[in-house]
Amino acid sequence: MRISDYIELSLCNLWKRKLRTFLTTCGVVIGVGALVCMFAFGKGVQKNITEQFNKVDLFNYINVSTRGGGREPGRSHDPDDAAWRGQEDRTADANSPRLDELFLQEVENIEGVEAAFAELRFPAQIRLGDKEQFTLVQVLSAATCRPMPLRAGCCYEPNEPNGVLISDSLVRRLGIDEPSAAIGRQIEIATLTLDFSLASLLRMVLSPGDQALPVARQSYRFAIAGVAERMPFGGMGDAYIQPEAAGAMRKLSLTSIWEFFRPAGEAADYSMITVKVRSPKDIATVKKELESRGLRTFAWIDQLDQMRTGFLIMDMFLLAVGMIGVTVASLGIVNTMVMSILERYKEIGIMKAIGAGDKDVKKIFFFESGVIGFVGGVFGLALGWMVSTVINQVVNHFIAKQGVPYMSYFSFPWWLCLGAVAFSVLVSLIAGIYPTLRAARVDPVVALRHD
Amino acid sequence: MNSDSFVMIEGLSKVYLSGTIRVVALDDVSFSVAEGEFLGVAGPSGSGKSTLMNILGGLDKPSSGNIKVQGRLISELNKEELALYRRHQVGMIFQSFNLIGSYTALENVAFPLLFAGVAKKERNARAEQVLEEVGLLPRKDHRPSELSGGEQQRVTIARALINQPKILLADEPTGNLDSATSKQIVQLLADLNRNQGLTVIMISHEHALLAEFANGLVQLCDGKIVGRQKMR
């Protein structure tokens, strides 16, 4: 038999039982649609994360801290823990270099290093007109922030110390709808400082219920130079200023609790610095060099393997959920095919009597399962695409109000589209194995005897 | 027994179990059929006629004994070889027609060619030609339910002829037909036998028809041959 004949015959046979074929195929469509949605969501999340990492070229960065004294992202120390504090004092003083401006320059001379800068963040109140927002301000040099994607304006120049870059979600929260309208506007950044002046201490002692900490407010004026599309480094702050400007401000740094107890006037050591290498290939050598100086390093690229494992687990989970529908659909196919064979018992007998071999009979029913799988796969893919488009629109509609830029949460790579159809056909063929074997087993003598 | 016989059956037995009871359908049957013979097979119900026909048609396998068709040992063929034998060497005609209800006459006749891998255009052309031979071309687009019994049996004969077999096996082809139509159908088989040299083996209850058209007769009773005669 020719392939075209098999296809024509199976379409013809399926068409004869339109309703049943339609319902069975619907099952496959829903199953494949759900699976496709799940997978596209998993891929979309992974694509967004990887893209975001690439966009801020996070893989070019190494975080450096002193052994024991530095904080690793995601881990915090209790400063009351005496053992830990003792260790910090010992190791920081004995082996590690001080993380200060001098050291930054030294690091920049290491082969493969493009730039090194201190990572500083501090809480501040940002005011524009009568609107006020509490947020974290990140210190970034002009050179480092220049490649950032912007909504409007441009990055601050080294010669404009009062330039500030803010995120578009902050722009919205400050009551400006159009990012470009914010350019050039004056904002006020108010920092909190500890005030250990005599007056303040007296006030604390005399009215203890009034004010828990001797905190003072200090305001500085900045002009908005640009609006960033999204905040890099996972969006750790909503505003960026230059190191020079930050240096001139009185503020509480959040990098270490020890800053609270630093004697006034002493130059601050950074608890952590960030080193940017020219390309991810340089990471290993630069890391080694820094570690040989007794420093602790952390590179995002090392987390990539862990991330990949995470993605794999996520894929497996989504796949498992998506497979429920496909499994139910395949049982539907088995049911339909078995019914069809029982109904066509005599027809199978006739086919054999006029010269069909067992293989021909098997192939005829295999093709019928395959056609259900193919049609179900194609329409299932379409359904999955439609449903995810609708979900995407709805989600974006709601989170756009919070200033989050439009994002596609679903990804349909070509291999997913082809794979979904191929998988659907494969599952249908597997579902067709039992009915097909049953059809081939039909004894023509018995089949033709029954009228 | 003539060794160059067209169909040669030697010591053929068929035993099957019906529940726990052993049923002997055919018991040491031997006879031969000459090329171009119109052989009638007669016998009461349960005498093993249909079992003999199914074995000759390659649908069933004997418990023991040999069948040779054109010198080829059919009883030793495997399943796929038997399918090819059914497709190319024998054409079967049944009492209950066994047409596919959803197909037109033309599609039913062309159906065996599908398994032979013939292209659709040629399938239809050949089916039309055979339908013309049995005088049913004007009815080619009708489904079996729209055809009379005689017409349906003609479609079955056309289907049996489509692969140009050497042997036609007819299992009570007139069992569901009135006497006038029966005669027409057997006449058609006799014409094919005479004009195209086809060997026809036909089971029938109707002795008058066999006496009129067949030139040989095998009589079965309880799975055994009780008579073998040449009639003309």
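This is a predicted model: local features need pLDDT of at least 70, side-chain atom pairs count only at pLDDT 80 or more; totals for chains, interfaces and linings use all residues.
In which helix of chain A is Ile341(A) found? Ile341(A) belongs to helix α11 of chain A, which covers residues 303–343. Chain B has seven helices and ten strands, and 48% of its 232 residues are buried.

- Ile341(A) counts as buried because 22 other C-beta atoms lie within 10 Å, where 20 or more are required.
- Apart from neighbours within four places in sequence, Ile341(A) is in contact with Phe365(A), Pro435(A), Arg438(A) and Ala439(A).
- Ile341(A) and Val442(A) are 101 residues apart in sequence, while their C-alpha atoms are 9.3 Å apart in space.
- Helix α14 of chain A, residues 414–441, contains 28 residues. From its first C-alpha to its last, α14(A) reaches 40 Å, close to the 40 Å expected at 1.5 Å a residue.
- At Ile433(A), α14(A) bends by about 40°. A proline follows within four residues of that point, namely Pro435(A), which is also one of the contacts of Ile341(A).

**The four-stranded sheet of chain A**

- Chain A has an open sheet of four strands in the order β2-β10-β1-β11, with antiparallel pairing.
- Its edge strands are β2 (113–118) and β11 (295–299) of chain A, and each of them pairs on one side only.
- From one strand to the next, the twist averages 25°.
- Strand β1 (residues 61–66) and strand β10 (residues 272–277) of chain A run antiparallel and are joined by five bridges. Within this pair, Ser65(A) stands opposite Met272(A) of β10(A).
- Helix α4 of chain A, residues 101–108, packs on the sheet and touches β2 and β10 of chain A. The direction of α4(A) makes about 165° with that of β2(A).
- Helix α10 of chain A, residues 283–292, also packs on the sheet, touching β1, β2, β10 and β11 of chain A. Its direction makes about 160° with that of β11(A).

**The four-stranded sheet of chain B**

- Chain B also has an open sheet of four strands, in the order β2-β1-β4-β5, and the pairing is antiparallel.
- β2 (21–33) and β5 (72–73) of chain B each have a single partner strand, so one side of each is left without a neighbour in the sheet.
- Nine bridges pair strand β1 (residues 7–18) of chain B with β2(B) in the antiparallel sense. Leu17(B) has Arg22(B) of β2(B) as its bridge partner.
- Helix α1 of chain B, residues 49–56, lies across β1, β2 and β4 (64–69) of chain B. The helix runs at about 65° to β2(B).

- Five of the five residues of β6(B) are buried, so the strand is largely enclosed by the rest of the structure.
- Val90(B), Met92(B) and Phe94(B) point one way from β6(B), while Gly91(B) and Ile93(B) point the other way.
- β6(B) pairs in the parallel sense with strand β7 (residues 167–171) of chain B, over five bridges. The bridge partner of Gly91(B) in β7(B) is Leu168(B).
- Most residues other than glycine have a negative phi.
- Phe97(B) is not a glycine, yet has a positive phi of about 65°. Phe97(B) sits in the loop between β6 and α3 of chain B and counts as buried, with 21 C-beta neighbours inside 10 Å.
- Glu172(B), likewise not a glycine, has a positive phi near 45°. Glu172(B) is in the loop between β7 and α6 (179–196) of chain B and is buried, with 20 other C-beta atoms within 10 Å.

**Contacts within chain B and with chain A**

- Within chain B, among contacts between residues at least 6 apart in sequence, 67% join residues at least 24 apart.
- Between the chains, 21 residues of chain B are in contact with 18 residues of chain A.
- On the chain B side, the elements that give two or more residues are α2 (79–88), β6 (90–94) and α3 (105–115). α2(B) gives the most, with five residues.
- The chain B residues on this side divide into nine nonpolar, six polar and six charged.

How values were computed:
Residues are numbered from 1 along each chain as its sequence is written. Chains are lettered from A and ligands numbered from 1 in the order in which they are written. Two strands pair if DSSP finds at least two bridges between them. Two residues are in contact if their C-beta atoms, placed from the backbone, lie within 7 Å. Axes are lines fitted to C-alpha atoms, for helices over the stretch in contact, and angles run from 0 to 180 degrees between N-to-C directions. Ala, Val, Leu, Ile, Met, Phe, Trp, Tyr, Cys and Pro count as nonpolar, Asp, Glu, Lys and Arg as charged, and the others, Gly among them, as polar. The expected span of a helix is 1.5 Å times one less than its number of residues. The bend at a residue is the angle between axes fitted to the seven residues ending there and the seven starting there. A residue is buried if 20 or more other C-beta atoms lie within 10 Å of its own, exposed if 12 or fewer, and partly exposed in between; C-beta atoms are placed from the backbone.
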